[in-house]
Amino acid sequence: MLQRIQTLYLLVSAIVSAGLIFVFHLWVTNDGVKIFAIDNMVYFILFIGSALLSLISIFRFKNRQSQFVLGRLNMILNFILLGLFVYQSLNLSGETVVSEKGIGIFLPIISIVFLALANKAIKKDEDLVKSVDRLR
């Protein structure tokens, strides 16, 4: 059902992954140029992929097991994105003039938190359905 709490969590995760990447910059170069996710195609594809997985997961409400698996895959995708950000930030900090990191680097962490909350709610629904099936 679309009115469940996991739908809200998945929607917030999709908004963080697809919408906020245009608002918050990832880092600032030494020249003062703000780098957004749209400037780097790998980061942009990973963010959009995460948002699409969240939206697909919302509409898989009839199959809670696949919804749970899509949430796990989305978390793995966000961990990969976070790993790329850590790698990039370690490369940036080795410069003589330290460039500024943006708040956009923390967007995958926010998305992971909401995906974990959604998976917890999906698991709770699945356990409730299983307990009702035992009573029949």
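How far apart are the end C-alpha atoms of residues 7–28, and how much of that span is helix and how much strand? Those end atoms lie 34 Å apart, and the span is 55% helix and 9% strand.

Okay, some housekeeping before I go on. This is a predicted model, so to speak of local features we need pLDDT of at least 70, side-chain atom pairs count only at pLDDT 80 or more, and totals for chains, interfaces and linings use all residues. Residues are numbered from 1 along each chain as its sequence is written, and side-chain values use heavy atoms, with hydrogens and water left out.

Where does that 7–28 span come from? UniProt, in an unreviewed entry, gives "transmembrane region" at residues 7–28, 40–61, 73–90 and 102–122. Feature names there are shortened, positions are in the numbering used here, and annotations may be inferred rather than shown by experiment. Take 102–122: that part is 76% helix and 0% strand, with its end C-alpha atoms 33 Å apart.

Now the overall layout. We have four helices and three strands, in the order α-β-β-α-α-β-α along the sequence. Helices here are DSSP runs of H or I, at least four residues, strands are runs of E, at least two, and numbering goes from the N terminus. The C-alpha trace spans about 70 × 20 × 20 Å along its principal axes. Of the 136 residues, 39% are buried, meaning under 20% relative accessible area; exposed is over 50%, and partly exposed is in between (1.4 Å probe, protein chains only).

On to the rings. The structure has four aromatic pairs. Rings of Phe, Tyr and Trp (its six-membered ring) pair if their centres lie within 6.5 Å; planes under 30 degrees apart are stacked, over 60 edge-to-face, and the rest tilted. One of the pairs is Tyr9 with Phe114, tilted, at 6.3 Å centre to centre and 40 degrees between the planes. Tyr9 sits in helix α1 (residues 5–18) and Phe114 in helix α4 (residues 107–135), so this pair links parts of the chain 105 residues apart. Tyr9 is partly exposed, because its relative accessibility is 21%; Phe114, at 24%, is partly exposed too.

Then there's Tyr43 with Phe85: ring centres 4.7 Å apart, planes at 40 degrees, so tilted again. Tyr43 is in helix α2 (residues 41–58) and Phe85 in helix α3 (residues 64–92), so the pair ties together parts 42 residues apart in sequence. Both of these residues are buried. And Phe47 joins in, as ring pairs link Tyr43, Phe47 and Phe85 into a cluster.
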